Amino acid sequence: MDVIYPYSIINKKIKLSLVFFCVALFFNCAKNKSSENIHVNYSNGKAVSVAFETEESPGYALYLKKNNLSPILGDLTCEKETCTFIPIVPFTAGQTYEIRKNKKLIGSFTIDRFRKQKNPELIAIYPSVDTVPQNLLKMYFVFSQPMQHSKSALDFISVFDNTLQKESDIFLEMQTELWNKEHTRLTLWLDPGRIKTDLIPNREKGPPLLQKHRYTISIDSLWTSEQGYPLARKYIKTLNVVGKDSQRPNPKLWDVNIPRANTKNPLEIRFNEPMDAVLILETIQVKNREGELMEGTFSLLENELKLEFKPKEKWVPGKYSVHVNPVLEDLAGNNLERLFDTDLSDNSVDTKSTENTLNFSIER
């Protein structure tokens, strides 16, 4: 049997349908407007800024979608009906960001991943040796690609004291992380206040590393590159801690292997202890008999125990010199002029002066 509805009921149904249609249309239009009115600006494959249209006064803030607590630092400028935001730390590929006004969501955008890249790799950890002094000052982590800026590096690095069977916080947490210009090498300091004898952090918490202890440093594979790709795998570094290093580097104790004349064979310098992997390449120069700086390339070998210098031109007979900048440090931060930590009660502390020039001759 057919059911006949009164006209009023039909009219109400039509009105109700129109209401739902309009509401759906409104939200759909609003969504489209949000995405269309947000423009991410790219330069050399990197997202350098975002521009969005607004009819309201400034007062906006940008947030990482997974972290609504702290706004992203950057420069926001508004002209007429368009605002442009340039972040201090570049946007990360694959991440979604939100634009909010008074914490109310205005719109969101996702940074593109352009071309498929290889996963980044952790290609070196310095010192590369596993046996280190108790007063080890810093470590370097070198990656094959620029790494992300949006989270702290210590969110991905953990340290476990195998001797005490517990987590250990050996690294100093810094507000501004120490990356090189390319963002491929990270420097992490072990807390200097805990290394220096009798400072308050040293007395309250003790040194970061304990003698005769074994530590495992783990680097999480979730750490991503600037383009949003995670590390190829998890990395592990082991540290076996011995006694303190209370001796300054002394070039007089280094062995120099002199190349033959009329060759491009490398000049080899072997140290009596591992050196700071970054400073050693920045602090040594080779000069000819006229005192002119020789062109060539340096290579660090054998766990930072050996340095090779390959000249651009052939060696000619004559006198040469190796000049060492006094700021060169060993693993404990001791340089040619001073110890990083001086314990006046220790009679074995090195107080003798050191030379910073090595002279050698190449015979015919």
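User: Hi! Which residues lie nearest the centre of the largest pocket?

Analyst: Hi there! In this predicted model, Leu73, Val89, His149, Ser150 and Lys151 lie nearest the centre of the largest pocket.

User: How many residues line the largest pocket in total?

Analyst: The lining is made up of 25 residues. They divide into 11 nonpolar, 10 polar and four charged.

User: And how much space lies in that pocket?

Analyst: About 920 Å³ lies in the largest pocket. If you wonder about the idea behind such a value, rolling a probe the size of a water molecule over the atoms shows where empty space is left.

User: Nice. Let's switch to sheets. In what order do E19, E22 and E23 stand?

Analyst: The order is E19-E22-E23, and these three strands form an open sheet with antiparallel pairing. Strand E19 (284–287) and strand E23 (357–362) have a single partner strand each, so one side of each is left without a neighbour in the sheet. On average, neighbouring strands of this sheet are turned by 20 degrees against each other, with direction ignored.

User: How many bridges join E22 to E23?

Analyst: Six bridges join strand E22, residues 318–324, to E23. For instance, tyrosine 320 has phenylalanine 360 in E23 as its bridge partner, and lysine 319 is partnered by serine 361 in E23.

User: Which residues of E23 are on its covered face, and which on the uncovered one?

Analyst: The covered face has Leu358, Phe360 and Ile362, while the uncovered one has Thr357, Asn359 and Ser361. There is a handy rule to read alongside this: in a regular strand the side chains alternate between the two faces of the sheet.

User: Phe360 again! Which aromatic cluster does Phe360 belong to?

Analyst: Phe360 forms one aromatic cluster with Phe298, Phe309, Trp315 and Tyr320.

User: Where do phenylalanine 91 and phenylalanine 109 lie?

Analyst: Phenylalanine 91 lies in the loop between strand E5 (82–87) and strand E6 (96–101), and phenylalanine 109 lies in strand E7 (residues 104–110), so their pair ties together parts that are 18 residues apart in sequence.

User: Is phenylalanine 91 buried or exposed?

Analyst: Phenylalanine 91 is buried, because its relative accessible area is 6% and buried means under 20%. Phenylalanine 109 also counts as buried, at 6% relative accessibility.

User: Why is the pair of phenylalanine 309 and tryptophan 315 edge-to-face?

Analyst: Their ring centres are 6.2 Å apart and their planes stand at 70 degrees, so the pair is edge-to-face; the cut-off for that is over 60 degrees. Phenylalanine 309 is buried at 2% relative accessibility, and tryptophan 315 is buried at 0%.

User: You mentioned E6 and E7. Which strands form an open sheet with them?

Analyst: E3 joins them, in the order E3-E6-E7, with antiparallel pairing. Strand E3 (60–64) and E7 are the edge strands, each pairing on one side only. The twist averages 25 degrees from one strand to the next. Five bridges join E3 to E6, and tyrosine 63 has glutamate 98 in E6 as its bridge partner.

User: Changing topic: which peptide bond is cis?

Analyst: One that is cis is the bond from tyrosine 126 to proline 127, with omega near 0 degrees. Proline 127 is in the loop between strand E8 (122–126) and strand E9 (131–133).

User: Why is that worth a look?

Analyst: Because most peptide bonds are trans, and most residues other than glycine have a negative phi. On the phi side, histidine 183 has a positive value near 60 degrees, and lysine 212 has one of about 70 degrees.

User: Where does lysine 212 lie?

Analyst: Lysine 212 lies in the loop between helix H3 (200–205) and strand E15 (214–219). Lysine 212 is exposed, with a relative accessible area of 72%. Histidine 183 sits in the loop between strand E13 (178–179) and strand E14 (185–189), and counts as buried at 11% relative accessibility.

Notes: Residues are numbered from 1 along each chain as its sequence is written. This is a predicted model: local features need pLDDT of at least 70, side-chain atom pairs count only at pLDDT 80 or more; totals for chains, interfaces and linings use all residues. Side-chain values use heavy atoms; hydrogens and water are left out. Two strands pair if DSSP finds at least two bridges between them. Helices (H or I, at least four residues) and strands (E, at least two) are DSSP runs, numbered from the N terminus. Axes are lines fitted to C-alpha atoms, for helices over the stretch in contact, and angles run from 0 to 180 degrees between N-to-C directions. On a 1 Å grid over the protein atoms alone, a cavity is a set of points where a 1.4 Å probe fits but cannot get out, and a pocket is an open set with protein on both sides within 12 Å along at least five of seven lines; lining residues have an atom within 4 Å of a point. Grid points are joined across faces, edges and corners, and a volume is the space filled by probe spheres set on the points. Ala, Val, Leu, Ile, Met, Phe, Trp, Tyr, Cys and Pro count as nonpolar, Asp, Glu, Lys and Arg as charged, and the others, Gly among them, as polar. Buried means under 20% relative accessible area, exposed over 50%, partly exposed in between (1.4 Å probe, protein chains only). Rings of Phe, Tyr and Trp (its six-membered ring) pair if their centres lie within 6.5 Å; planes under 30 degrees apart count as stacked, over 60 as edge-to-face and the rest as tilted.
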